[in-house]
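Student: I have a structure to go through with you. Can we take it residue by residue?

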Amino acid sequence: MSTTAAVAVSPAQDTQEAAYYNQHGYVVLPGLVSEAKIDRLMDLYRRDILPSDSKFFRQSTNAYETNRINEHGYVAQSFLDVHAYKSFPEFREAVMEIYFAPEVLEALTRITGSARHNLMQSMLFDLNAATPPHQDWWYLDSVPNGHLLAAWIALEDIDERAGRFYVMPGSQTVNLHEAELPHSKWLERMADYVEKHRSELHAPAMKKGDVMFWNSRTVHGSLHTIDPRFSRKSLTAHYLPSEMTYGNLFASKPWVKYEDWKGQQYFANQPEYSLKADLASRVKVSIYDNPTLLKVARKFQKKALSDLK
Ligand SMILES: O=C(O)CCC(=O)C(=O)O
Ligand SMILES: [Fe+2]
């Protein structure tokens, strides 16, 4: 596999933001999302999600869990695929108004050159979850690789003591993967990479409404929390140029079924809680670090879906 730059520039992408993004693997756009949209979302979060006793799937623990609220009133575990919370329609609407805000969609087009983008995954953080360093392409990407991008949206002015989100500038050309490498070993290599390049680590001060976009191959993570009195309210979203096939480093998933929100396409991978969804997630977690079992599961998934045709 190539270890040099992957992302091609299309003519429509000829902007300063695109040039910066292509060179560094990320770009920050200050004040992109309006305060009003964020305030609406946070009001609904406090009304509907924070006090809820529902189980939500957590990006930070890979399990369905009820909220664990710390002594300062913040939820410790991050929420995965909030854009698919159909049981909380008003909250979900406020989420979608941000993910598909015209300003955000226009920024995506300036960066990638693609006219449209599909929302593939989302997360909401109340507190820092100290996300270990990784590249998103292991989990989700375009096929061919390197064209999916993510957005980190600050929902408040992020205090340094909360534990900031960081990127490793220029790391979109780094490839520490090899065939049959277990996930945990790959994560060790990612951590080593960050340690060796510590002086390059970039953890900008993000203010409410600021958005950072980064490439699916850019190494990123979160610094440790310095003081748990500080929340780190943020959203992330992963977008695929609409004309491209979805997948990851290992597989192409042309079968994904998109849903529609006001003419915009999104994919909801992680279902809301049910006994069946809970069992399926436990099976997935149990095989995740075993390359042989994972290979069988990926094959089986392909076969099961081709049988449906
Ligand atoms: O905000 C974080 O701590 C991590 C988010 C992340 O890695 C992602 O959305 O891909
Ligand atoms: Fe990530």
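Student: Is Gln270 buried, exposed or partly exposed?

Tutor: Gln270 counts as partly exposed because it has 19 C-beta neighbours inside 10 Å; buried means 20 or more other C-beta atoms within 10 Å, exposed means 12 or fewer, and partly exposed lies in between, with C-beta atoms placed from the backbone. This is a predicted model, where local features need pLDDT of at least 70, side-chain atom pairs count only at pLDDT 80 or more, and totals for chains, interfaces and linings use all residues. Residues are numbered from 1 along each chain as its sequence is written, and chains are lettered from A and ligands numbered from 1 in the order in which they are written.

Student: What does Gln270 touch?

Tutor: Beyond four places in sequence, Gln270 touches Phe57, Leu80, Asp81 and Ala84 (contact: C-beta atoms, placed from the backbone, within 7 Å).

Student: And His83, buried or exposed?

Tutor: His83 is buried, because 24 other C-beta atoms lie within 10 Å. Its contacts beyond four places in sequence include Arg92, Leu119 and Tyr266.

Student: Switching topic, which residues surround ligand 1?

Tutor: Among them are Met123, Asp136, Trp152, His220 and Ser234 (near: C-beta atom, placed from the backbone, within 6 Å).

Student: How far is Ser234 from Gln270?

Tutor: Ser234 and Gln270 are 19 Å apart, C-alpha to C-alpha, and 36 residues apart in sequence.

Student: What is the mean pLDDT of the chain?

Tutor: The mean is 92, and 92% of the residues reach 70 or more; pLDDT is the predictor's confidence in each residue, from 0 to 100. Over residues 1-6 pLDDT stays under 50.

How values were computed
Two residues are in contact if their C-beta atoms, placed from the backbone, lie within 7 Å.
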